[in-house]
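Subject: Structure for you to look at

Hello,

I am handing over the structure we talked about. Please open it and read my notes alongside.

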Amino acid sequence: MDLSQILNELGEERSGYFNAVAPPIVQTSNFAFDTVEDLRRAFADEMGSYIYSRGLNPTTDILRRKLAALDGAGDALVFANGAAAIYAGVVPHVKAGDHVISVRSPYSWAQRTFDQILPRWNISTTYVDGTDIRQFEEALRPNTSFIYLESPNSWNFAIQPLAEVAALARSRGIVTLIDNSYCTPLHQRPHELGIDLCMQTATKYIGGHSDTLGGVLTGTPERIRRIFELDYLAVGSGIAPFNAWLLLRGLRTLPARLERIARTAQEVIAWLKQHPKVARVLYPLDPGFPQYELARTQMSGAGGLFTITLKGGNPERITRFCEALQHFLMAVSWGGYESLVLPKCAGIDPAAFDPANEEHQYIRLYCGLEDAAYLIKDLEQALERF
């Protein structure tokens, strides 16, 4: 299906709502029925009916259809946030005594699921670097039932060989899930490489305006229905109609925003790489990136998020640099219109800072929709104070 058709037309039955160009926000909790038989049929198939907005709602259904098509998947569920989508993707596919393989240092709430929630059911997790298929092979156990991927990682941008991991998992009946928030379906197509479930934090690029939260999970209709009929409804983690409407608005401009953001990031990266105070730039589609060739085979773009280290970086100097920036907001997340900076040392006790550990020196930058020259000028004045 054509991308323009997905973003602008799919799921939008305008004749059903006064030929309005933008779909309405169906801000209702409940839906009425004319007959007992109609209600009976709805109870029998809640995923095919509107009964209660905790499950499906007309506004969220439009978004759901678009996100499934965008991923090249059979179906999708939309959640209140990305963490809820991760939880719903993992928990239904494991049972007491199982074993999980996860990439090292995943998104914090994924790691908390593995480290603090799954152990309640005696489910263990092995973390692997994940850049080589052999690491997954060596981590396998007879009770391994699930593999969690994040490609690229959002700090060091480590990439997993997705097709190889998918083939290995399917040969053992293991379910795979990838956090595809960094690339979005516009820049990476995990389902086409054999991955079972794709998750995105829709808060980021899909929303694009830093004014709503959301998460999405896509997969086969059978797998998505299984999640919907128990975990999605029982936990009540679905998105509200107004938030879904904001994500629909964000989808309209997703390709244009990603194109502009990526172009700006590449200009900023080129400038940083030649600056004498910059030690390293980590960006998956930069030719100097260690996994550049793999990135080129799996990704068609890399967005606006990258990491730098500075020569002689220590907590005091990194703090001085970050606080000197005037147009990069210091904040978590990414994907909005605004540029951001996040120093890794903000999450490290100063007494535990290790200058020999490059990760402790990471400074993550995100380029938004500002002009590249505007951002470069800001970086230049901040580096003068470093």
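Is Thr113 buried or exposed? This is a predicted model, and in it Thr113 is buried because its relative accessible area is 5%, below the 20% cut-off. The residue sits in helix α5, which runs over residues 108-117. Leaving aside residues up to four places away in sequence, Thr113 touches Tyr87, Leu118 and Pro119.

Now the largest pocket. Its volume is about 950 Å³. The lining holds 37 residues. Nearest the centre lie Pro106, Tyr107, Ser108, Ser154 and Trp155. Helix α5 comes up again here: α5, α4 (82-90) and β11 (340-343) each give the lining at least two residues. By type, the lining has 15 nonpolar, 14 polar and 8 charged residues.

Where does the largest pocket lie relative to domain 1 and domain 2? It lies between them, because domain 1 (3-250) and domain 2 (254-385) both contribute lining residues.

Then the cavities. Searching the whole structure turns up 3 of 30 Å³ or more.

Best wishes

Notes: Residues numbered from 1 in each chain as written. Predicted model: local features only at pLDDT ≥ 70, side-chain atom pairs only at ≥ 80, totals over all residues. Heavy atoms only, no water. Helix = DSSP H or I, 4+ residues; strand = E, 2+ residues; numbered from the N terminus. Buried < 20%, exposed > 50% of the residue type's maximum accessible area, 1.4 Å probe, protein only. Contact = heavy atoms within 4.5 Å. 1 Å grid on protein atoms, 1.4 Å probe; cavity = no way out; pocket = protein on both sides within 12 Å on 5 of 7 lines; lining within 4 Å. Points joined across faces, edges and corners; volume = space filled by probe spheres on them. Nonpolar A, V, L, I, M, F, W, Y, C, P; charged D, E, K, R; others polar. Domains from an automatic or database assignment.
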